[in-house]
Amino acid sequence: MDYLELTARFFSLTDANVRIVVAGSVLLGAIAGAFGCFTFLQKRSLIGDAIAHSTLPGVAFAFLILGEKQLHWLLLGAAISGWLGALAFNAIVRYSKLKLDAALGIVLSVFFGLGIIMLTFIQKSGAGAQSGLDKFLFGQAAAIGRADVLILAISGVVMLLALLALYGRLKLLTFDSGFAASLGINVGLLQFILTTLLVVTVTIGLQAVGVVLMSAILIIPAAAARQWTDKLSKMILLSALFGMISGILGAYISFLKPHFPTGPWIVIVAALIFSLSILFAPQRGLVSRLRRHLHNRRSMTQDHILKVLFKAGMDSRSWKEFTPRMQIAQMWSFTKGELGRGLRKLVAKGQLKKEGNMYRLTESGVNAGARVTRLHRLWEVYLARYLELPQDHVHRDAEEMEHIITPEVEKKLEEMLGYPLLDPHQQEIPYFDKVEK
Amino acid sequence: MSEFRNGAPPIEVHDLTVAYRKKPVLWDIDFKLPEGKLIGMVGPNGAGKSTLIKAIMGLLPLVSGFVRIYGKPLESMREIIGYVPQRESVDWDFPTDALDVVTMGRYGKLSLFGRPTAGDKAKAMDALKKVGMSDFANRQISQLSGGQQQRVFLARALVQDAQIYLMDEPFAGVDASTEKAILELLHELKSKGKTLLVVHHDLNTVAEYFDWVMLLNLRLVKLGPVNEIFNNENLRLTYGGKLNLLSEMAEKIGRTP
């Protein structure tokens, strides 16, 4: 069967088995994505990792007792031992001087080691060879059966209700647990509930994602969602969505290649979403930050062009002369590209007039140049007067401030300093762009 | 509010000792606060000022002693205490806005699964207005200045509609105009008969800002009206640190298995 046909079979959802796998992956991704937000924001993301690894001995133990693979008992075993793991790292933090990171590392590795020993023992003993317990390590979405989806769906609904009922309090707990406690909210109980919900999430994710990589689907969608929004409710929805997408695509890829485990593919898809978020999210994304940075640099270049041309004509109060581009280039340390772009932009804005290769300021250009010059010199006066800095110390700071002082700050400065006429270098501070208006 | 005016002091702390990991950080604290006063708490770093506030709020286990609010145990009186933690105690990059943080102050009045109502939001909005922050209601909290964040915390305590306010360094790291605004707010609360206990770090402004002062350094050094006890001798007692033996023994207890 070729990939195209498989793809069609997967996404058309005609196959009952596919429907079950998709339903399971969607539910799991959504639940893990949503609850992952809280541990992520509490900066305790690795708690999910420790709990997930702690489930393994429980799975193996349940199998040893039953002698066969009955999923709900295995999951119950997983939940109990995941819980014991959570209990263990909390106890370590409470009763020793170890910090949480060390406690998590210890619990994670000890429980996992124990689980692997038990698993190996089971596989060496005849009946266990076909148990398929090793699927719990890296997950196999195809292993999700009809009964499992029922378990998933029931726990999903219960957890969704819990989230709706406790949303405000979980938010308060996550943001400021001390204040929450001061209001009389039972913070210990709330944290206990959150941990339990996490244990349940991990447990129902064991089949699809597996013990080893379970934490990824708790952390990565939340981290990705944080890039896009500054609102917790939106972050939770987005994180759930990202979790779902990762779950479905992971299941799809392992449907194409059944001998691959699902967990790693889910993680790869989630990581892809995360990378796109880190790069392209508005505000927080690297690309938009880079663009803002470039935009700043360009407007600074324009300010510098206006300033040097303004200062050149300041003594004679005349800006009618055209200046050749070569000469402007020498008035400031412009790079070639940025000067050309800055000149073009200023001409387009109507602040420069161009003739051949020569430029002069228009009236609005003169005013803009006067403003930049004034802001620079006002800031120098401010530094000299209020910080009592000597005059050779004030120029560099003012060089930055001239670009970022807003009209409100400008007004404040002028009033505070009483419209000074000279800067600390005894140069004139121009105001006439204001008077003329 | 008259139901609280039963003659009992707003806060009574009796023989209170608090320890972190067995190491005592507050010894045998004993005091009664007068009602309707603005009380500053000062003392050197590590004197246990925040610890005392948290202990009064019941956020820390007590080694010994008890706290009474208007003569009653804390648990039944939480609703009438407003708390302003230190600004640095939370992560301001949390995805939420100013109005939402202030609304959190209403959770003490909600039922078990209750959600804030429109009325709660309106109260939060009022409180933001009172601290001069109504224009910033929908601003993401990481984009607020330090002074603005502090105002948000104060607004959150205001919506608690409390009778007693415990504030941990509300003046720390704020700009001059915020300092003035906070001070006005404290005086307004006082004029309504509220009792305020405020951790303060600037000795220069104690006499100007507060009616009473509590001098603390692991133990209660002095408590009383500013003009009576805020003097060099008592400050020397508080900041002189000549209680090496006390700290030494505290360390020792902490190390004892």
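Predicted model: local features only at pLDDT ≥ 70, side-chain atom pairs only at ≥ 80, totals over all residues.

**From one residue pair to two chains**

Strand E4 of chain B, residues 62-69, is joined to E5(B) by two bridges, and the two strands run antiparallel. They belong to an open sheet of four strands in chain B, ordered E2-E1-E4-E5, with antiparallel pairing. Strand E2 (23-32) and strand E5 (72-73) of chain B are at the edges; each has a single partner strand, so one side of each is left without a neighbour in the sheet.

I turn now to chain A. Its secondary structure comprises 19 helices and three strands. For 437 residues, a compact globule would have a radius of gyration near 22 Å, but that of chain A is 32 Å. Along the principal axes, the C-alpha atoms of chain A fill a box of roughly 100 × 60 × 35 Å. Of the 437 residues in chain A, 43% are buried. Where contacts in chain A link residues at least 6 apart in sequence, 71% of them join residues at least 24 apart.

Finally, how do the chains meet? Contacts are made between 20 residues of chain A and 17 residues of chain B. On the side of chain A that touches chain B, helix H7 (146-175), helix H8 (177-182) and helix H11 (232-256) of chain A each supply at least two residues. H7(A) provides the largest share, five residues.

Thank you for your attention.

Terms used
Residues numbered from 1 in each chain as written. Chains lettered and ligands numbered in written order. Contact = placed C-beta atoms within 7 Å. Rg over C-alpha atoms; globule rule 2.2 N^0.38 Å. Buried ≥ 20, exposed ≤ 12 C-beta atoms within 10 Å, placed from the backbone. Pairing = 2+ DSSP bridges.
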